[in-house]
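Okay, thanks for making time, everyone. Let me put the structure up and walk you through a few places in it.

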Amino acid sequence: MLRPLPRSLTGRLVVTAAVTIVLALALAAVSIGHVLGRFVMHELDGRLDTQIVLLVRAVRPDGTVNPAALVDLPPFDRAGSGWAWEILAPGGSWRSASLGPAELPLPRGWRDMRPPPPPLPEPPPHPPWDGQLPPPGDLFLPPEAGGAIPPPHPLDGRDATGRWLHYRITSLPTSGGPVYILAAGPRAIVERPLRGAMAPLLLSLLLLGLFLTVALIVQLRVGLRPLTRLRVMMAEVRAGRLRAITVSEPTELLPLVEEVNALIAANHQAVSRARAHVANLAHGLKTPLAILRLDLDAPGRDPDGVLRVQVARMERQIRHHLGRARAAETGGAAVPASPLAPHVADLCAVLPRLYADRPVSIETDVPEALAVRCDPQDLDELLGNLLDNACRHAASRVTVTARAEGRMTHLQIADDGPGMSAAAIAAFSAGRRLDESGAASGNGFGLLISRELAELHGGEVTLAQRDPRGLAVRITLPAA
């Protein structure tokens, strides 16, 4: 399904701004074209109305026309110019010189609407003149007698050749009947300058749109730069090189920065409290374990030495977690970058000696340039536990491979031993020790510690059955 807006903030701003710019430019083009068209049409109407005013002066109050007063302004006097006028009066019609013997192509129905001339009545007897002029009423009076010219009305139509004409029509109510005066001009006089003006207008709007697009890109780069700086600082906090985000602009992001800093501080306090509890627990266990070890050293208390081994193992774990707790108290120093190849090489040089009674070979493919963001001591314990398990259960070969993918480094330790059942792998994925699910003794605890160490540094440990036999342990750690 198509999304109306992209997922990114930049994409959303670009799409909304582009749509707004296009709509604004289209509206500007329509508005400017409309204003320009009205201006040109006003000029055309002015020329036609000027001719109508001159023709009105030739009409008498009784509806007759004085041919000697008819005037043709240029270009009404040129044949074929498209400019023409005609007077429709009860006593006949008069036309401009541009029409010659032809009639003005009137709009449909106009020539049929002209009323026939009324019969001439008998002249009434003239009353004695009392020295007063009769009121004009609604009848037409010439302008020189103080009469007003009715305002012309616009109308559009076609001539015999199909050419569009623009008319201005006025009606004079005379005592002999209505007199119609029509003046027409070609609409091309309006359309021609409009077409000529639209090309540079559209080009100007296109250039304006390009300028606005460039301005938008610059605005996005400048406006979103604080977000990039904020992302870099958050990455520094995640890597342990900073304890908080310190920015002073833009002001709209400051509340978000305060909330993030508060979350970082709360997380740091929670981790500090948890490590303090671990340290207190480890200190509390040291004394009972020391007493237990002394008791086991007494003759006959631990004849086969199994309990001493377990006590020593518990003491190593306590020392390890005490060291981690003390390291946490130093105040959030950045986790160092540990080259992967040297750690793998050191372990692969020691383990074959421990299993010298078994023909186990270790093959490695770890690039020298790979490094992970992990404490070196934790990395040794993590890899040591997994390599020790692989060598203990392998039939003849253990392979170690590593590769980088983005911000993570993937390491795989695989053996050709009996492997694990699907139930055991599912139990490990669910977070249970493999010893509890019936796996071989000594396997589950080392895997559990390795997984906890990997998760402590932002990684993970997963298990997978190999085909046809064997187990593959995949470790993921942040790349340095």
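So, which residue in S12 is the bridge partner of His410? It's Thr476. Quick housekeeping: this is a predicted model, so local features need pLDDT of at least 70 and side-chain atom pairs count only at pLDDT 80 or more, while totals for chains, interfaces and linings use all residues. Residues are numbered from 1 along each chain as its sequence is written, and side-chain values use heavy atoms, leaving out hydrogens and water.

S10 (residues 408–415) and S12 (residues 471–478) run antiparallel, joined by eight bridges. Strands here are DSSP E runs of at least two residues, helices H or I runs of at least four, numbered from the N terminus, and two strands pair if DSSP finds at least two bridges between them.

Zooming out, five strands make an open, mixed sheet, ordered S7-S9-S10-S12-S11. At the edges, pairing on one side only, sit S7 (361–365) and S11 (460–465). Ignoring direction, neighbouring strands are turned by 15° against each other on average.

Now the helices. H7 (residues 376–393) packs on the sheet, touching S7, S9 (397–405), S10 and S12, and its direction makes about 25° with that of S10. Contact means heavy atoms within 4.5 Å; axes are lines fitted to C-alpha atoms, for helices over the stretch in contact, with angles from 0 to 180 degrees between N-to-C directions. H8 (residues 422–429) lies across S11 and S12, at about 170° to S11.

Last stop: Leu206, which is in helix H3 (residues 188–239).
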